[in-house]
Amino acid sequence: MKKILIIIGAVLVLFIILLYWSLNSTPENYETSKIVTLDNVNSINFKDYDSLIVSASTLYEANDLKKLMQGEHYRKAWATPIKVPVVFLDTLLGGLTIIKEGGGNQTKSLKLQDSIGNKYALRSINKTPGPLVPKFAKTLGLENIIIDGISAQHPYAATVVALLADAANILHTSPKVYFIPKQETLKEYNENYGNKLFLFEHETESKTNWTSIENVSTIIETDDLQELKLERGDSLRIDEHALVRARLFDLIIGDWDRHAKQWGWVIKNEQNGQIAIPLPADRDNAFFNVGGIIPNIIANKNVTPEVRPFIDDIDYLPGLIHDFDVYFLKNTAASVFVEEAQLLQNLLSDQAIENAVRQWPSQIYELNGLEIEKKLKNRRDQLQNYAKEFHRILIEKPYPTVPLKGSEDVDFEGHYLNCFECF
């Protein structure tokens, strides 16, 4: 027994040594939104360029030890230069004005508006996960585990997901990758937002209808949908088929982060009331590629069951079913799940998947394209099984007893707190 304890202790000490060694290999000097073909950024007149060759970040470059301990992930994609359009806000879409600054725990963003009231967001491709680092991790010098974990996100996943969503007849925010130079329109935001890479996309709230759906009264977020439900009652319902399809689509693309704040709702007027059509947003975690000793420990189903890796098969489906799903879909028939799974399998043909992934710049496709195509096809082929299991788990889960994320300020007055139909 003593010998076994000595061996375990030695392994643990070796593990700790390798862990801190890998953490200390993080580049001290790195660049984000690096323009490859130009040297002095401050002397450039960006109006002379319609595009530039830019790499997202060199922060995630790693030696073999770091890759072993913290994963290969999408490090090469982050560091690989691609051609990106240069955009000025005073001419984009006829001219945009800044409404306010936004963003969550990882992503900086600016809210914009055009001349007819359509709202947009500039969302930083490079993340700042500092607020997510627990105090104990900082104390122990382990914060790089969280920061480096961003390399498991693909910097350009959102553009592929949008094309896949088009094929699947699912709404999306039409994200595009742009380089935003420093410019007068940015005003006080120039320092934080100028000369950087962004995703430019529609917002999930708008008084104007930018979608192809007819008879739309407004586009709102989940908390506003709940308040509208309190006002309209039975005359407002959700499009269950569209939401089931969107959630099964999430399973195919491996997007595990689908809480209530990740959704907008297109409110369509109908003869007997209104129907809310889901508008998925924020695709940072699609194709989430977990690897390495430490991330695999963190993503273990017994540690963080919601963080599921994008592999050929879903390894733990209960981790991907949230209070959001129970709130909106617990009473949805199993037949709807099977029907939508069959529909998605037909819509997301091999050709549709390949067309979407191959819109990436060739440099990025050569790194990740074939592997992602293979995983998408495998997960699609198993979708009917996932759909049946999704419904089974959903039925077993209890209704949420606290507000959904982002809905903490809604005054439910005892109505519609537990589910969308729970009066």
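Tutor: Here is a walk through the stretch around F420 and the side chains that meet it.

This is a predicted model, in which local features need pLDDT of at least 70 and side-chain atom pairs count only at pLDDT 80 or more, while totals for chains, interfaces and linings use all residues. Residues are numbered from 1 along each chain as its sequence is written, and side-chain values use heavy atoms, with hydrogens and water left out.

Let's start with the cysteines. A search of the whole structure turns up 1 disulfide (a pair of cysteine sulfur atoms within 2.5 Å). This bond joins C419 to C422, with 2.0 Å from S to S. The torsion about the S-S bond of C419 and C422 is about 100 degrees, so the disulfide is right-handed. Are its two ends buried or exposed? Buried means under 20% relative accessible area, exposed means over 50%, and partly exposed is in between (1.4 Å probe, protein chains only). C419 is buried at 4% relative accessibility, while C422 is partly exposed at 21%.

Next, look at the ring of F420. Rings of Phe, Tyr and Trp (its six-membered ring) pair if their centres lie within 6.5 Å; planes under 30 degrees apart count as stacked, over 60 as edge-to-face and the rest as tilted. By this rule there are 18 aromatic pairs. In one of them, the centres of the Y327 and F420 rings are 6.5 Å apart and their planes are at 65 degrees, so the pair is edge-to-face. Y327 belongs to helix α11 (residues 323–329) and F420 to the segment after α15 (383–396), so the pair ties together parts 93 residues apart in sequence. As for these names, helices (H or I, at least four residues) and strands (E, at least two) are DSSP runs, numbered from the N terminus. Y327 is buried, with a relative accessible area of 2%, and F420 is buried too, at 1%. The two rings belong to a cluster, linked by ring pairs, of W263, W265, F324, Y327, F328 and F420.

Now for opposite charges. Side chains of opposite charge can pair when their charged atoms come close. A salt bridge is a side-chain nitrogen of Lys or Arg within 4 Å of a carboxyl oxygen of Asp or Glu, and the whole structure has 27 of them. E421 meets K229 in one of these, at 3.3 Å from N to O. This pair links distant parts of the chain: E421 is in the segment after α15, K229 is in helix α8 (residues 222–232), and they are 192 residues apart. E421 is partly exposed, with a relative accessible area of 45%, whereas K229 is buried at 1%.
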